[in-house]
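Subject: Structure for your review

Dear colleague,

I am handing over the structure below, together with notes on what was found in it. Please read them with the structure open.

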Amino acid sequence: AQPHEVKMGHKFQMAKFEVPQNLWSAVRGGNPSKWKGPRNAVEMLTHGEAVWFCRLATKQMRELKLIAANEEIRLPSEAEWEYCCRAGTKTRWSFGDDETLLGDYAWFTGNAAGNDPPGGAKKGNPWGLFDMHGYIREWVSDAGNETYQGAPTDGSSWTTGPATKRVLRSGSWKDKPAGTTSGVRLLVPAETQDDAVGFRCVLAEV
């Protein structure tokens, strides 16, 4: 995709880790994952199920006074995700351009045969966010537009476009190095359930 310049004027906080299975079970009950482990990233869930988890988590955390009434848990926009993935860098990966270092930061085809390790087992990016380049792909909130032509320039979610398709960011344990770079994106049906697809949350004001 062609570079798309964004200027963000809002504050948000991104989770250090993808949503683990024990958190999913605590908020929603059950565990849809193929690769079981309490601290493994949850997978095998549709885009709609990820959105529903965020709404439930928001409701529960407001009731417990863990977040303010004007704050919510939600999926990141695609722009927010890439901003946090890059962490101020312009290189292919947040650690630079040297592919031989990828194994220190990511689970990919070169070192993984499944989604078996717990989240955060590899090195984090410069902002302390883990598994941004591999492990599992992550749902974001934007509709599944093919390019950034017409996308918002303020970092917000691009809600117009084909809702039947959604965007995945990050690479996964099923991807070769080229599929784990900071700019990689994938369009898939919103109902996709895959053992290499999960999500992470952000906290932001409504």
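β4 pairs with strand β5 (residues 185–189) through five bridges, in the antiparallel sense. Please keep in mind throughout that this is a predicted model.

The four-stranded sheet

The pair β4 and β5 belongs to an open sheet of four strands, ordered β5-β4-β3-β6, with mixed pairing. At its edges are β5 and β6 (197–198), each of which pairs on one side only. Within the sheet, strand β3 (residues 137–143) runs antiparallel to β4, joined by three bridges.

Arg166 of β4 stands opposite Val188 in β5, and Ala143 stands opposite Arg166 in β4.

How well covered is strand β4 (residues 165–169)? Four of its five residues are buried, so the strand is mostly covered, taking buried to mean under 20% relative accessible area.

Leu186 lies in strand β5. Its relative accessible area is 34%, which makes Leu186 partly exposed. Apart from neighbours within four places in sequence, Leu186 is in contact with Arg137, Arg166, Val167 and Leu168. As a point of reference for distance, the C-alpha atoms of Leu186 and Lys122 are separated by 23 Å, and the two residues are 64 apart along the chain.

The three-stranded sheet

There is also an open sheet of three strands in the order β1-β7-β2, with antiparallel pairing. β1 (12–14) and β2 (71–74) each have a single partner strand and stand at the edges, so one side of each is left without a neighbour in the sheet. On average, neighbouring strands of this sheet are turned by 20° against each other, direction ignored.

β2 and strand β7 (residues 202–205) run antiparallel and are joined by four bridges. In one of these pairings, Glu72 has Ala204 in β7 as its bridge partner.

Helix α3 (residues 78–86) lies across β1, β2 and β7. The direction of α3 is at about 60° to β1.

The helix pair

In general, two packed helices are described by the angle between their axes and the distance between the axes. For helix α1 (residues 21–28) and helix α2 (residues 47–63), the axes come within 9 Å and cross at roughly 65°. That makes α1 roughly perpendicular to α2, since angles of 65 to 115 degrees count as such. The crossing of α1 past α2 is left-handed.

Which residues of α1 and α2 meet? From α1 they are Leu23, Trp24, Ala26, Val27 and Arg28. Their counterparts in α2 are Glu49, Trp52, Phe53, Leu56, Ala57 and Gln60. Eight of the residues in this contact are nonpolar, one is polar and two are charged.

To go through the structure, you could start with the order β5-β4-β3-β6, then turn to the order β1-β7-β2 with α3 lying across its strands, and finish with the crossing of α1 and α2.

Regards

Conventions:
Residues numbered from 1 in each chain as written. Predicted model: local features only at pLDDT ≥ 70, side-chain atom pairs only at ≥ 80, totals over all residues. Heavy atoms only, no water. Pairing = 2+ DSSP bridges. Helix = DSSP H or I, 4+ residues; strand = E, 2+ residues; numbered from the N terminus. Axes fitted to C-alpha atoms, helices over the stretch in contact; angles between N-to-C directions. Contact = heavy atoms within 4.5 Å. Parallel < 35°, antiparallel > 145°, perpendicular 65-115°, else oblique. Left-handed = near helix turned anticlockwise from the far one by under 90°. Nonpolar A, V, L, I, M, F, W, Y, C, P; charged D, E, K, R; others polar. Buried < 20%, exposed > 50% of the residue type's maximum accessible area, 1.4 Å probe, protein only.
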